[in-house]
Amino acid sequence: MIRGIDHVAITVADLDATCAFYERVLGAQVEEAYEIGGRIAVKRVALGKAILNIHQQGNGVDLVARQPLPGSTDICFRWDGDIGAAKARLEGQGVTVIEGPVARTTADGMAANSVYFRDPDGNLVELMAT
């Protein structure tokens, strides 16, 4: 039986810019960096209890999706706090909220509210608060 998702991998056009965005906007921390041929190809990034493996496009890693493209991900993170605080944080960092707060339901059936924005590659990112 599936207990949950361990991590999600996304492909980006500019590894350093994307990592800097998630660090600045959501407090992400780079836990590990993987090199291939002397260049950093993937960074393992922690956002609270969630993990993103961020891949530089064309990094030479073979064990990836068939067509890994920047901007093709839609991901939701649970926000630990009020959705208004999430929206204020985003706006305070110069991030455009494209929708929300709006009512949603969590994967485990709880009432929630979400805000949506895009990262530098155009990935849709949702912050969901219960």
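## The start and end of helix H1

Asp-14 caps the N-terminal end of H1, with a side-chain oxygen 3.2 Å from the backbone nitrogen of Asp-16; a polar contact is a pair of N or O atoms within 3.5 Å, where, within protein, one must be able to donate a hydrogen and the other to accept it, and residues adjacent in sequence count only if both atoms are side-chain atoms. Helices (H or I, at least four residues) and strands (E, at least two) are DSSP runs, numbered from the N terminus. After H1 comes Gly-27, which has a positive phi, near 75°.

This is a predicted model, in which local features need pLDDT of at least 70 and side-chain atom pairs count only at pLDDT 80 or more, while totals for chains, interfaces and linings use all residues. Residues are numbered from 1 along each chain as its sequence is written, and side-chain values use heavy atoms, with hydrogens and water left out.

Buried residues of H1 are Leu-15, Thr-18, Cys-19, Phe-21, Tyr-22, Val-25 and Leu-26, where buried means under 20% relative accessible area, exposed over 50%, and partly exposed in between (1.4 Å probe, protein chains only). They cover an arc of only 155° around the axis, which puts them on the same side of H1; the arc is that of the directions from the helix axis to the C-beta atoms. Their cover includes strands E1 (8-12), E3 (39-47), E4 (50-56) and E8 (124-129), together with helix H2 (83-92) and E7.

## Aromatic rings

The structure holds 2 aromatic pairs, counted when ring centres of Phe, Tyr and Trp (its six-membered ring) lie within 6.5 Å, with planes under 30 degrees apart called stacked, over 60 edge-to-face and the rest tilted. Phe-21 and Tyr-22 make an edge-to-face pair, 5.4 Å centre to centre with 90° between the planes. The pair of Phe-21 and Phe-117 is tilted, because the ring centres are 6.4 Å apart and the planes are at 45°. Phe-21 lies in H1 (residues 15-26) and Phe-117 in strand E7 (residues 111-118), so this pair ties together parts that are 96 residues apart in sequence.

Phe-21, Tyr-22 and Phe-117 form one aromatic cluster. Phe-21 is buried at a relative accessible area of 9%, and Phe-117 is buried at 0%.

## Cysteines

The structure holds 0 disulfides, a disulfide being a pair of cysteine sulfur atoms within 2.5 Å. Cys-19 is buried at 2% relative accessibility, whereas Cys-76 is partly exposed at 35%.

Methods:
Contact = heavy atoms within 4.5 Å.
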